[in-house]
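Dear colleague,

Please find below the sequence and the structure that I am handing over to you. My notes on what was found follow directly after.

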Amino acid sequence: MKTRRLTTSVIQMVTLSAVTAVLLFPLLLTLLTSLKPAEEIITTAPALFPRHWTLDNYRTLFALRDFPRYLWNSLLVASLTAAATTVIAAMAAYALVWMRFPGKRAMGRSVFFTYMFPDILLVIPLFMVCYELALLDTRTALVLTYLSLSLPFGIWLLKSYFESIPVSILEAARLDGCSEFQCLWKVVLPVAMPAVAAVAVLTFVMGWSEYLYANTLITTNANRTIAIGLQTLAGYHRTDYGLLAAAGIVMVAPVVVFFLAVQKYLVEGLAFSTTKRPE
Amino acid sequence: MAEVRLVHVHKVFDNGAHVLHDITMEVGDGEFVVLLGPSGCGKTTVLRLIAGLEDITTGEIFIGGRRVNDVPPKDRDIAMVFQDYALYPHMTVYENIAFGLRMRGMARAELQRRVVDTARVLDILDLLQRKPHQVSGGERQRVALARAIVREPKVFLLDEPLSNLDAKLRGHMRAELHRLYRSLGATIIYVTHDQTEAMTLGTRIVVLRDGVVQQVDTPRGVYEKPVNTFVASFIGTPPMNLFPACLVQEQGEFLLRHQDGGLALPAAKASAAHLRPWLGSTVIAGIRPEHACLHTASPAMGKGLPGTVEMVERTGAESFVAVRTGYGSMVVRVPPDLPVSLSSPVLLTFDAEHVHLFDAGSQMRIL
């Protein structure tokens, strides 16, 4: 019995390690490339690890006039998208699950309507809308566009989670003197932290790395996000791959940091016992 | 503390289900009233209407003389203990108890004093820093009670608070609840489907069936004078035996004639004027297991209802024997040491003093 369990564990570990290695290899390759001097990157005898470790690519990257600006724009757009999505989706999901209003069911379903169209189909209409609203080439346009993409997902995820919270907890909160907003803020959100964290992480990543809309709606260098900025590093005749790799790593870093920060909530509490356990 | 009054209350849900019909009842100041009925009879809905968690369709509810139909739950000054306790899982026991006071803006020192005092009363002082999932079921129950008590509300509403506990703990908590009730002098409305809880805790019992109040009376009144066959068979473990019999009058004496004999009703109990409308017709006779007698020695020795032993339930202090008769199965309470063997022929006799009579049509009590 014990041997079998050990064998299963070993097989699981080996399989998971193999999958992880395949998934992480491009990232590792990028990281190592970013730490190599140029002559070690374009060479007839490429090696995985740099012979001369260097941070020159990063120095060059941050010396570029626009690069910090791209980073800042991305951070701003992604954070605002994540924050707004979480707040709006939480309120919408709360209303859809626990409040009574006419057209509730229809509204709940129409939330998914935007998912019926492929992104590329929405590019031109959204461009027109932003043009009419004089929002072209603004970060506001990006945040609003991302919200229209992230909200259906956020609402759906939070709604499913909220539905698993016993309604008696909310009723207890109402009897304890909470308004609907306080019920959401003081009781529902803390209990639904894993789902809230998931929505925040996923919308942040989406806003951080989105390319299609950012490339269409933003036209000047000042408002570019890092996903678009990265493309400007690829030259027409010659590309500095070390620089590009460094930029890639810098782009991934905040996402990893953000994920690590909320990982605790994602994992913890999924098995949260809310009211009673069978004795 | 306050009294609670429901006047002609109806509840129809959005799906058209009419779950409460014309509920009118009054719970006096400091009373412990138990709403008792089978699952789905609407007792929890009554509680939720009083709490304000559901809107009433028609009728009026008064708490402490104030009409509360349109008053939100938080302003009704009531506290409720839920069947699943509904503790906030992300808060410690202390925060759970303090939450209601904090929401009402109580000063920190006063709040702390009240929480600690309440925790002491319920013997959960050492749990205050734990989360709900770190304490046992019985302890969680106490926390839920503490959360209700700490607010010192006008009325306590308890929705099957003991149903998630094991039998031993339930007995213990029942005694504890009774002690709390006496020390608080609170108005309590308690929902249960467990008649032992109802009989031991309630000062009065409201028996509900299909959203209609059947009887409002003291536990003793409900047990000894059930208003209809439903209450008669719902209250009491095992339930009252019911069988059809014909009511006749012979030589000035009222007799219940059944297929295997008859039973004379005591003159003091049966008044001619009262029973006349049913003379010559079939009525439903009821007898509790403790008022029936089992004769095993010689089935031919006297008058009675013959039958065969179907099942013997020995609970320790007493035994219950189910006897198959011409009217179906009847249960008799016997001393634990009475030798009874399965399938043996027996004879049942009834204590006429304790016979209940019900109208065969309306099922309402006659005697």
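This is a predicted model: local features need pLDDT of at least 70, side-chain atom pairs count only at pLDDT 80 or more; totals for chains, interfaces and linings use all residues.

**Domains of chain B**

Domain 1 of chain B and domain 2 of chain B bury about 590 Å² between them, and 60% of that area lies on carbon and sulfur atoms. Buried area here is the accessible area, taken with a 1.4 Å probe, that two parts lose on being put together, summed over both. On the side of domain 1 of chain B, Y223(B), T229(B) and A232(B) supply 70% of the area buried against domain 2 of chain B, more than any other three residues.

Residues are numbered from 1 along each chain as its sequence is written, chains are lettered from A and ligands numbered from 1 in the order in which they are written, and side-chain values use heavy atoms, with hydrogens and water left out.

The two domains of chain B span 4–234 for domain 1 and 241–359 for domain 2; such bounds come from an automatic or database domain assignment. Their centres, taken over C-alpha atoms, are separated by 39 Å. Nine residues of domain 1 of chain B are in contact with six residues of domain 2 of chain B, where contact means heavy atoms within 4.5 Å.

The peptide bond from T237(B) to P238(B) is cis, with omega near -10°, and P238(B) lies in the loop between α8 (229–234) and β11 (241–250) of chain B. Y85(B), a residue other than glycine, has a positive phi near 70°; its place is the loop between β6 (78–81) and α2 (93–103) of chain B.

**Chain A**

Chain A has 13 helices and zero strands. Helices (H or I, at least four residues) and strands (E, at least two) are DSSP runs, numbered from the N terminus. Along the principal axes, the C-alpha atoms of chain A fill a box of roughly 70 × 70 × 30 Å.

The domain assignment of chain A gives domain 1 (13–54) and domain 2 (65–267), with C-alpha centres 31 Å apart. Seven residues from domain 1 of chain A and six residues from domain 2 of chain A make the contact. The area buried between these domains is about 530 Å², of which carbon and sulfur atoms give 89%. In domain 1 of chain A, the residues that lose the most area to domain 2 of chain A are L27(A), T30(A) and S34(A), together 54% of what that side buries. Between the two domains of chain A the count is zero salt bridges.

L266(A) belongs to helix α13 (residues 241–267) of chain A. Leaving aside residues up to four places away in sequence, L266(A) touches P194(A), A197(A), A198(A), V201(A) and F259(A).

**Between the chains**

How many residues of chain A are in contact with chain B? There are 24, and they meet 27 residues of chain B. Chain A and chain B bury about 2,400 Å² between them, with 57% given by carbon and sulfur atoms. Three salt bridges are found across this interface. R48(B) forms a salt bridge with E171(A), with the closest N and O atoms 2.5 Å apart.

**The largest pocket**

A pocket is an open set of points on a 1 Å grid over the protein atoms alone, where a 1.4 Å probe fits, with protein on both sides within 12 Å along at least five of seven lines; lining residues have an atom within 4 Å of a point. About 680 Å³ of space lies in the largest pocket. Its lining has 23 residues, of which W98(A), R100(A), R174(A), E180(A) and L53(B) lie nearest the centre. The largest share of this lining, three residues, comes from α8(A).

Yours sincerely

Definitions and conventions. Grid points are joined across faces, edges and corners, and a volume is the space filled by probe spheres set on the points. A salt bridge is a side-chain nitrogen of Lys or Arg within 4 Å of a carboxyl oxygen of Asp or Glu.
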